[in-house]
Amino acid sequence: MTNPSVSDLVSLLHRGEPLCGSTRVALIDGPAGSGKTTLANRVAVALGGEPSGGAGTFSHAKPASVGDAVQILHGDDMYEGWGGLDTLDAVLLGQVLRPLAAGNPAGFRMWDWGVGARTHLIPVVPVEYLLIEGVGVGQREARAFANLVVYVDAPATVRLRRGLDRDGEHMRDEWERWQRLEEKHLRAHGTRDAADAVVDGTSEIPD
């Protein structure tokens, strides 16, 4: 499979009018460890924004503001731990996409995986482009607010190895359980089939 280029994805994002208020939304979904965060950062830079340090790195010293071109949100900041995939919609739809589309204040409290609780507020503002990456963010109801849905994939063994390299071998049971849960979720929402573009996270993605 030949991957779409970053410029191809940017072109797809610009089709039609914004579907979430004045904001064009890109949902970057796919199983954990496939390369979603890396792709989101590349798209953000191509749109004139800044890359994110990833989940858990939000800083009150540099929140998104209305004048920014791009804001990146991470599913890992929305889930309530390893069991939070099935309740993602409460944050993604209820606190981010629906309020933003209605012109109301939007935002959510970040899940701190270290302490196992929600901590500080991540405000979501009506920037030009909102990129949301994470397992499950391309779920059926969320797609109605998105100009672009991307599905990033990679073999399960590759994804597991990437996760364990990051989190440690002692997290193998959690990762394997998560892989079973995410497969069920992604299949139930038909996310891959509904995506505007499918990306191989083990192959080169041209600029």
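Select D193: at 76% relative accessibility it counts as exposed (over 50% relative accessible area; buried is under 20%, partly exposed in between, with a 1.4 Å probe and protein chains only). D193 sits in helix α7, residues 191-194. Helices (H or I, at least four residues) and strands (E, at least two) are DSSP runs, numbered from the N terminus.

Before moving on, note that this is a predicted model, where local features need pLDDT of at least 70, side-chain atom pairs count only at pLDDT 80 or more, and totals for chains, interfaces and linings use all residues. Residues are numbered from 1 along each chain as its sequence is written, and side-chain values use heavy atoms, with hydrogens and water left out.

The C-alpha atoms of D193 and N104 are separated by 32 Å. Along the chain, these two residues are 89 residues apart.

**Strand β3**

Go to G107. It lies in strand β3. Is G107 buried or exposed? G107 is buried, because its relative accessible area is 15%. Show its contacts (heavy atoms within 4.5 Å). Leaving aside neighbours within four places in sequence, G107 touches Q95, L121, I122, P123 and V124.

**Helices α1 and α2**

L39 is also a stop at the next site, where V6, L9 and V10 in α1 meet L39, R42, V43 and A46 in α2. That contact divides into six nonpolar residues, no polar and one charged. Here Ala, Val, Leu, Ile, Met, Phe, Trp, Tyr, Cys and Pro count as nonpolar, Asp, Glu, Lys and Arg as charged, and the others, Gly among them, as polar.

Select residues 6-13 for α1 and 36-46 for α2. Their axes come within 10 Å and cross at roughly 70 degrees. Axes are lines fitted to C-alpha atoms, for helices over the stretch in contact, and angles run from 0 to 180 degrees between N-to-C directions. The two helices are therefore roughly perpendicular (65 to 115 degrees; under 35 is roughly parallel, over 145 roughly antiparallel, the rest oblique). α1 passes α2 in a right-handed crossing (the near helix is turned clockwise from the far one by less than a right angle; anticlockwise is left-handed).

**Helices α5 and α6**

Switch to α5, residues 156-167, and α6. These axes come within 10 Å and cross at roughly 140 degrees. That makes α5 oblique to α6. The crossing is right-handed. On the α5 side, select A156, R159, L160, R161, G163, L164, R166 and D167; on the α6 side, R172, W175, E176, Q179 and E182. The contact holds four nonpolar, two polar and seven charged residues.

**The aromatic cluster**

Keep W175 on screen. Which residues do ring pairs link into a cluster with it? Y79, W82, W113 and W178 join W175 there. Rings of Phe, Tyr and Trp (its six-membered ring) pair if their centres lie within 6.5 Å; planes under 30 degrees apart are stacked, over 60 edge-to-face and the rest tilted. By this rule there are four aromatic pairs.

Select W82 and W113. Their pair is edge-to-face, at 5.5 Å centre to centre and 85 degrees between the planes. W82 is in the loop between α3 (75-78) and α4 (88-101), W113 in the loop between β3 (106-112) and β4 (117-124), 31 residues apart. W82 is buried at 18% relative accessibility, and W113 is partly exposed at 35%.

Finish with W82 and W178. Their ring centres are 6.0 Å apart and their planes at 75 degrees, so this pair is edge-to-face. W178 lies in helix α6 (residues 172-189) and W82 in the loop between α3 and α4, so the pair ties together parts 96 residues apart in sequence. Both W82 and W178 are buried.
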